[in-house]
Every structure is written in C-alpha cells, then in structure tokens.
Amino acid sequence: MSNPRGRGLQANALGTFDTVVMAVAGSAPAYSIAATTAVLVGAVGLASPAALLYCAIPMLGIAVAFSRLSRIAVHAGAGYCWVARTLHPFLGFLCGWALVVSATIFMVAGSLPAGAMTLALFDEGLAHDTALSTLVGAGWFLVMLLVVLGGARLTVRAQLVLTGAELSILALFAVLALFHADGARAFDWSWLGFGHFDGVAGFASGVLIAAFYYWGWDVASNLSEETRDSRRTTGLAGLIGVGVVFLLFEVFTIAVNVILSSRQIRENDANVLAALGEEVWPGWGGKVLVAAVMLSTVATLQTTLIQVTRSLFAMGRDRTMPSALGRVHPRWNTPWVAIAVVGVVAPAMFLASNLLGTVGDILSEAIAAMGLQIAFYYGLTGLAAVVAYRRLLLRSVPDFLLGGVWPLFGSLFMFAMLVESLGELSGCAIGIGIGGLAAGAIPMLWYWRQGSDYYRPSALDATRTVEADYVPAARSGSGSLVHEGSPTDF
C-alpha cells in the first residue's frame, strides 16, 4: 500500500558497496565478540566456535530467503510484508513486531557498552559505573538518532568511517593473535565438533546465543526502498554480510579460547576483547580494541535505529500502527515521527535498565531475550520464502536447494532452537522475550478491527511477480519512489 500522504523514502540513495557496509555493520563484529563471547563461553565452553559454525549454516539459509524475497517484493518492512503475503497477516505483523521489540531492547544492550567503552578509554574504573555508562551511552544514542534523521546518505557516510576503522583494527589483531606464542590452551579441531556440547539442550542454548552474533545483517532489506537496484543488491549485501562476520567471529572466538583462561573470560564478561588485546599487544592492545568495540557499538546503534524506524514507518504507512509513524520529513526523506518516538522510548528504557544491576547482568538477560525474538522472525521469513517460491521449486536443482531446502532448514532450525532453549533460559529472559512478543497482539487486533488493508493482502507468488511484475531499476526514474505504485505493495 502506498503512503497515504504521497511521500516516500528517498529512492536510489544507496549503492551496492554502501549496502554491504551497512549489512556488515548491522552485525557489529567487534561489539558482538566483546559483549557476547563471555555469555557464549559460559553456556557451552570450548564448544563456542562450533556454536557459531552450526548457527552460520542455517543463518545463511535465512539470508538466502531474504535475498529471494527481496527480488519479488520491495518493502521497508521486509519480513513484516513478506510473511503477511505468504503465511498470514497476523504472523506478518508479529514478525515485524518481533524486530521492533528486539531492536528496542538493543537500544539498552548496545548503548550501555557504548558508554562503558568510551569511559574505559579514559579510566577503567569508570566503565563499571552503570549509571555513568548509561548517561554516556544515551549521548551516543542521541547523536546516532540525529544522523539517522539526517537521511540515508548521511547515515552511510558515517557508517563508512565507523565500520572502516573497526574492520581495520580487527584485521590487525587477527594477525597479531595468529602469531601470539603464549596461550592458555592449544587449539583443538574438536572445538568445531559436537563433543563439547552438554547434550541437545546445551547445543540449543549455545546456538540461540550465537544467533545474536549474526543478527543485524538484514538491515539491508529494511533499506530496500532507498537502494539502487534493490531487488538484487539488498539480498546480495545480506549474504556477503553474513559471510564476512562469520569469519571474524570464528577467528576471534578461537583466539579467546586459545589465549585467555576461563578466569580471564569470566572477569572480563562485558568486554573480553580488551583482555585479548592486552595479551597480544601489552600496553596498547587493550585500548585499541576498546576503541574498536566503541566504534562497532555506535555503528550498530545506527543500523538498529534504521531497522526499527523503517519497520515502524512501514507499519504506520500500512495503518497497522498509528498512521503518523508513516510520515516522512519533507527535506531529509526520513520517517521523522518514527525516529522521534524511538528517541523518547529508548532513553526511558535506559533509565529503567539501571534497576536490573550491572552492565554484565543487563547484557546477559537482554541477549537471551533478543535471541528468542530473532529466532522467531527469522524462522517466519524462511518459511515465507519457501511458500513464495513453491511453484518454482521443481524447475531446477538450484531452485529446489536455494528456494526450498536451505531456507526451510534455516527456518525449522530457528524454531527448534527457540523451543529447546526455553527450558534453559532464566524467567527474566523468557518474560522479556515472549512477553514482549505477546504484547504485539494488542495493536495487531486493534488495527485489524479498524480495517487496515494490510489484513487483506494480495498473495506473494514468485511465478507471477518474477515473470510479470519485475521492472529493471534502470528504467525507473532516479527520483521515483520505489514503493509507490509497485505491484508488490499491499
């Protein structure tokens, strides 16, 4: 459905390289390693590299699903649109809601380390002050909010600086770790096998935590209405993003297992990278990697803001949430009302988070809760791709494997891990994860009763869309609004 106010996001603002950078930044390599490695090692020990490996395989299946769906429907809501048109509008709304809730929770899980890492550059002791970390993190959040408000081009320019510096630092330390002679233990190929998992439940909890590492690459799909040749570009960017961060995650997780002792990992639960940096480059290494984590955290705050505000914009435009959320700024072509709403809600959550305890406690519960929601909306999107391409699956072997088997495997894997992990997580994590998802039933049922066209969608069928509806990007005007008048809209 086109915007009732007649104005859309700025089309053709991003190119292929820009979108790939956004996808890599969305997964926040340095931040994910720093914030999540201690949680992952605490859950599965030396099996942490295996958890990342076995999560990467189905995650690539989900990335394939996003890629194939983006070819036949361009929409800022991504899975929110695709799932509605293939499975059911209720499931589509909950898919979008899961992203909104998990991204909003991340405002806390991401802003706190941004503040803590900034303080750590000046004084290690200050980094453990939750209140001060919250204040500085909120400052970073507001800066990124203004950058996102300023438009897609400003956003990607800032991202090129932040992510470029982050990846350069990580590459340097990957080489230093490789040549580091002393270690707590020797590398063993069994770390990539199943032997170190504590049964099926342990495997499930490990992979669910690992899913948090990868989450964020799909920001490319939320930028589809602002990307040139988006039917091809956004899906490709997601696949490249998953591949790049997988390599970084494996290298640094193995390095942590080899170089740091279990005690060092526990004592540096909020940032094991600082401890790793001190080991491989005494004196300066810790500070440099802390800077990388700070850059990564700020960068992923920006991509998460993109995801949540574009999703809210799509919901407002489709009138499944207040229609004001679908308003676009006349100068910057950004969903300014959605951005303003997030700018009010997130600081309130920063303050509430102080009641939960230390930075490490907050991260642990938030990551586990977000894992449930991520598994839910990724799983639904994987199924949506199979349904959308169901009439083409037997056309060729690649169609069968890429359009059916791999996305379906990724989807079933996500759902299985979600169910299995429920017995392993704390009541707080389950309450945040499942409760936050269930809360979406309130606006969903309200706007369904109001008669939103979203709840009467046209079916998304790859045969019809690919053969009849596809219009090469080169034939559209550079100033055209991708979603307006498109046969792939509601």
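Reader: Which residues does Leu-121 touch, leaving aside those up to four places away in sequence?

Author: A contact here means heavy atoms within 4.5 Å, and by that rule Leu-121 touches Lys-287, Val-290, Ala-291 and Met-294, not counting residues up to four places away in sequence. Leu-121 itself lies in the loop between α5 and α6 (130–149), where helices (H or I, at least four residues) and strands (E, at least two) are DSSP runs, numbered from the N terminus. The C-alpha atoms of Leu-121 and Leu-289 are separated by 10.0 Å, although the two residues are 168 apart along the chain. This is a predicted model, in which local features need pLDDT of at least 70 and side-chain atom pairs count only at pLDDT 80 or more, while totals for chains, interfaces and linings use all residues. Residues are numbered from 1 along each chain as its sequence is written, and side-chain values use heavy atoms, with hydrogens and water left out.

Reader: Is Leu-121 buried, partly exposed or exposed?

Author: Buried means under 20% relative accessible area, exposed over 50%, and partly exposed in between (1.4 Å probe, protein chains only). At 27% relative accessibility, Leu-121 counts as partly exposed.

Reader: How many helices and strands does the protein have, and what percentage of its residues count as buried?

Author: The protein has 19 helices and 0 strands, and of its 490 residues 60% count as buried. Among contacts with a separation of 6 or more, residues 24 or more positions apart account for 84%. The accessible surface, computed by the Shrake-Rupley method with a 1.4 Å probe, where for residues only the protein chains shown count as cover, comes to about 17,700 Å², of which 67% belongs to carbon and sulfur atoms.

Reader: How many residues are in the largest nonpolar core, and which have the most contacts inside it?

Author: In soluble globular proteins, nonpolar side chains tend to be buried together. A nonpolar core is a set of buried Ala, Val, Leu, Ile, Met, Phe, Trp, Tyr and Cys residues joined through side-chain atoms within 4.5 Å. The largest one in this protein has 154 residues, and those with the most contacts inside it are Phe-93, Tyr-214 and Tyr-378. Helix α5 gives the most to this core, with 19 residues. Leaving aside neighbours within four places in sequence, Tyr-378 is in contact with Met-59, Ile-62, Phe-66, Trp-215, Gly-216, Trp-217, Asp-218 and Met-414.

Reader: Which residues of helix α18 are buried, and which are exposed on the other side?

Author: An α-helix has 3.6 residues a turn, so residues three or four places apart point the same way. In α18 (residues 441–449), Pro-443, Met-444 and Tyr-447 are buried. Seen down the helix axis, the buried residues of α18 fall within an arc of 105 degrees, so they line one face of the helix; the arc is that of the directions from the helix axis to the C-beta atoms. On the other side of α18, Ile-442, Trp-446 and Arg-449 are exposed. What covers the buried residues of α18 includes α5 (89–120), and α18 is followed by Gly-451, whose phi is positive, near 85 degrees.

Reader: Where is Thr-334, and what does Thr-334 touch?

Author: Thr-334 is in the loop between α13 (285–317) and α14 (336–353), and at 1% relative accessibility Thr-334 counts as buried. Beyond residues up to four places away in sequence, Thr-334 touches Leu-9, Val-148, Leu-149, Gly-151, Arg-310, Arg-327, Val-328, His-329 and Ile-339.

Reader: Where is Ala-237, and which residues does Ala-237 touch?

Author: Ala-237 is in helix α10 (residues 230–259) and is buried, with a relative accessible area of 1%. Not counting residues up to four places away in sequence, Ala-237 touches Thr-19, Val-20, Ala-23 and Ala-220. Ala-237 and Ala-220 are 17 residues apart in sequence and 6.6 Å apart in space, C-alpha to C-alpha.
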